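Please look through the structure below before reading on.

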Amino acid sequence: MTAALLALVAALSSCDDFGSPAGESAGMLRWTLDRTFFTKASGEMPDTNDFILTVSDAAGKTLYEGSYGRSPEVLEVAEGYYTVEVVSIPFTTPAFSEPQYGDRQVVKVPSGGNVTVKLQCTLLNAGIRLKTGADFLQAFPDGILYVKQDDVKLKYQYRETRIAYFKPGEISVLLYQGDASETLFTRTLEAREILTVTISAPSQNSSGKSSILIQTDTTKVWKNWDYAIGGSGGENSAEKVISVGEAGDHLGENDVWLTGYIVGGDLSSTGKNVKTSDITKNTHLALAERSSITTKASCVAVELPKGKVRDALNLVDHPDLIGRRVTVKGNLVEKYYGTVGLKSTSDYELQ
């Protein structure tokens, strides 16, 4: 939790009406994920549809708890303070390849007001990756490395390449040989820090014992992550992707990669909702920030021109695509079927 948030919570706790929200008319509480704040910690894109969302009131009553993708588009609530929290996965004990993203915000919804919480997910845990040189393997063929936090240890095989994730705090690396063990080093890591350590044994001293050399890379605090399409075809092959929620800030831009969840089709210029089944038109589909959204105004209408894009994505032939995440490339326009649109769609990637 940031210092600013702690200060905010403390200030709110001192208010007389913090525990008793009330108002003559209900307010509206919405939420969205700001993708630009995702922290790079692995080569895999987190599936935001599966993130765990919790919305609670000032008294601690849970109003919603479940997947982000199935959460309601809006909650009607009384005037008061609300906590909106999201995490990518539960994380309670050290584990390999378990980066946890998340955010927690406290907001006030005024009587009759409309509040949207933009959750800025970053990496909540810390990680360490060990590399062992050939000389270390020769010097300690029976040695076993462990990464330890408190009373929990992870065995780190010499050929292991994954990142071991821990809660922020002290992390120790231990070397076991038979019944004997020694702590090679201890390091304090903060959230978003990924430490790479090379362990080697380059020489022997006069007693015949190999000395151990610890080399640590500069600690990497990965603050931003632009998800890339491709990436193996040269420095210009990776292009920035924007989310459905960001589309309105990029109107008029061409050759934009846009990502979202396919929620339906058969749009009309006047209808307020997206049709989610028995689709009859193969010329377009609707993308949303999460799979539960069906309000047309919260969607981007995506044109499916005749050709490979229509053949692969149209919901007449592929109704099973509803709920799938897709990234499409095209030109963003202000209006298409009465909402923001992506026209001249030229490419796609299904996740």
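How many disulfides does the rule count, if a disulfide is a pair of cysteine sulfur atoms within 2.5 Å? By this rule the count comes to zero. This is a predicted model, in which local features need pLDDT of at least 70 and side-chain atom pairs count only at pLDDT 80 or more, while totals for chains, interfaces and linings use all residues. Residues are numbered from 1 along each chain as its sequence is written, and side-chain values use heavy atoms, with hydrogens and water left out.

**Buried cysteines**
- Buried means under 20% relative accessible area, exposed over 50%, and partly exposed in between (1.4 Å probe, protein chains only).
- C121 counts as buried because its relative accessibility is 1%, and C299 counts as buried at 3%.

- Strands (E, at least two residues) are DSSP runs, numbered from the N terminus, and two strands pair if DSSP finds at least two bridges between them.
- Strand 5 (residues 80-87) is largely enclosed by the rest of the structure, because seven of its eight residues are buried.
- Strand 2 (residues 52-57) runs antiparallel to strand 5 and is joined to strand 5 by six bridges, with T54 standing opposite E85.
- Strand 7 (residues 101-109) pairs with strand 5 in the antiparallel sense over eight bridges, and G80 has V109 in strand 7 as its bridge partner.

- Three strands form an open sheet with mixed pairing, in the order 4-1-8.
- Strand 4 (75-77) and strand 8 (114-119) stand at the edges with a single partner strand each, so one side of each is left without a neighbour in the sheet.
- Strand 1 (residues 27-33) and strand 4 run antiparallel and are joined by three bridges, and the bridge partner of M28 in strand 4 is E76.

Note on methods: Disulfide = S-S within 2.5 Å. Helix = DSSP H or I, 4+ residues; strand = E, 2+ residues; numbered from the N terminus.
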